[in-house]
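Please look at the protein shown below and read through the briefing on its fold.

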Amino acid sequence: MVFLTFAEKLHMLRKSKNMSQEQLAAQITVSRQAISKWELGESLPDTDNIIQLSKVFGVSIDYLLNDKFQSDNDIPAVKENNIYHKKVLQITAIIIGSIGAVGILLLWILSTMIKVHVTKSQVMPDGTKTYYGGGDVLGYNFWAFISEYRLMAIFWILSVFLIFGLALLLIRFKNMVRKQ
């Protein structure tokens, strides 16, 4: 395994951001020569400049200074934090998706137990279709139940929960497969 020095990491990070030494120097208020010396390994920046470099490049100070770390993910605390966030994402997805699924299932069960006003159709002997009911015919119908009891908003909210939960799970499992 090849370990990158601070100088190599700084050069790589600066190039990845398409920055010149002058641009980086201006951003952290040092001379271009200082940046050059850091990239050549002739000197190291002071603490304040290390902090500014970590903010500019979006990396940890540990990553910049420890030659054994090839990315922030190599730092033990960051690894544990990433695992924690992945588990939280998965649990959140399961909870949100379950709320949506159980809620929609409950609405469907209620629609099979509570009669509502329905419109029925009948095919006449001459082939025409006649509709009757509405106010005087009771029956079981999911959409009529949702409509009559004005549950459309709740149904759509539960649907969004279900879709959002499934999408989060899909993202989580895609990331798991990609890492294998």
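Buried residues make up 29% of the 180 residues in this predicted model. Buried means under 20% relative accessible area, exposed means over 50%, and partly exposed lies in between, using a 1.4 Å probe and protein chains only. As this is a predicted model, local features need pLDDT of at least 70, side-chain atom pairs count only at pLDDT 80 or more, and totals for chains, interfaces and linings use all residues. Residues are numbered from 1 along each chain as its sequence is written, and side-chain values use heavy atoms, with hydrogens and water left out.

**Confidence**

- The mean pLDDT of the protein is 86, where pLDDT is the predictor's confidence in each residue, from 0 to 100.
- A value of 70 or more is reached by 88% of the residues.
- Confidence is highest in H3, at a mean of 95, and lowest in strand S2 (residues 129–139), at 76.
- Where pLDDT is low, the predicted coordinates should not be read in detail.

**Overall layout**

- The protein has eight helices and two strands.
- Helices (H or I, at least four residues) and strands (E, at least two) are DSSP runs, numbered from the N terminus.
- Starting at the N terminus, the order of elements is α-α-α-α-α-α-β-β-α-α.
- Among contacts with a separation of 6 or more, 54% join residues 24 or more positions apart; contact means heavy atoms within 4.5 Å.

**The nonpolar cores**

- The largest nonpolar core has 17 residues.
- Such a core is a set of buried Ala, Val, Leu, Ile, Met, Phe, Trp, Tyr and Cys residues joined through side-chain atoms within 4.5 Å.
- Phe6, Leu10, Leu24, Trp38, Leu53, Phe57 and Leu64 touch the most other members of this core.
- At least two core residues come from each of H1 (6–16), H2 (21–28), H3 (32–40), H4 (47–57) and H5 (61–65).
- H4 gives the most, with four residues.
- A second, separate core holds twelve residues, including Val137, Phe142, Phe155 and Leu158.
- In soluble globular proteins, nonpolar side chains tend to be buried together.

**Residues around the largest core**

- Phe6 lies in H1 and counts as buried because its relative accessibility is 5%.
- Beyond its neighbours within four places in sequence, Phe6 is in contact with Trp38, Leu44, Pro45, Ile50, Leu53, Leu64, Leu65 and Asp67.
- Phe6 and Asp67 are 61 residues apart in sequence, but their C-alpha atoms are 6.7 Å apart in space.
- Leu64 touches Phe6, Lys9, Leu13, Ile50, Leu53, Ser54 and Val59, leaving out residues up to four places away in sequence.
- Lys9 is also in H1, and it counts as buried because its relative accessibility is 0%.
- Lys9 and Tyr63 sit 54 residues apart in sequence and 8.8 Å apart in space, C-alpha to C-alpha.
- Ser54 belongs to H4 and counts as buried because its relative accessibility is 9%.
- Ser54 touches Val59, Ser60, Ile61 and Leu64, not counting residues up to four places away in sequence.

**Helix packing**

- Two packed helices are described by the angle between their axes and the distance between the axes.
- H2 and H4 pack at an angle of about 115°, with their axes 10 Å apart.
- Axes are lines fitted to C-alpha atoms, for helices over the stretch in contact, and angles run from 0 to 180 degrees between N-to-C directions.
- Leu24, Gln27 and Ile28 in H2 meet Asn49, Gln52, Leu53, Val56 and Phe57 in H4.
- In H3, Ala34, Ile35, Ser36, Trp38 and Glu39 are buried.
- The buried residues of H3 pack against H1, H2 and H4.

**Positive phi angles**

- Asn18 has a positive phi near 55° and is a residue other than glycine.
- Asn18 is in the loop between H1 and H2, and it counts as exposed because its relative accessibility is 69%.
- Arg150, also a residue other than glycine, has a positive phi near 50°.
- Arg150 is in the loop between H7 (142–148) and H8 (152–179), and it counts as exposed because its relative accessibility is 76%.
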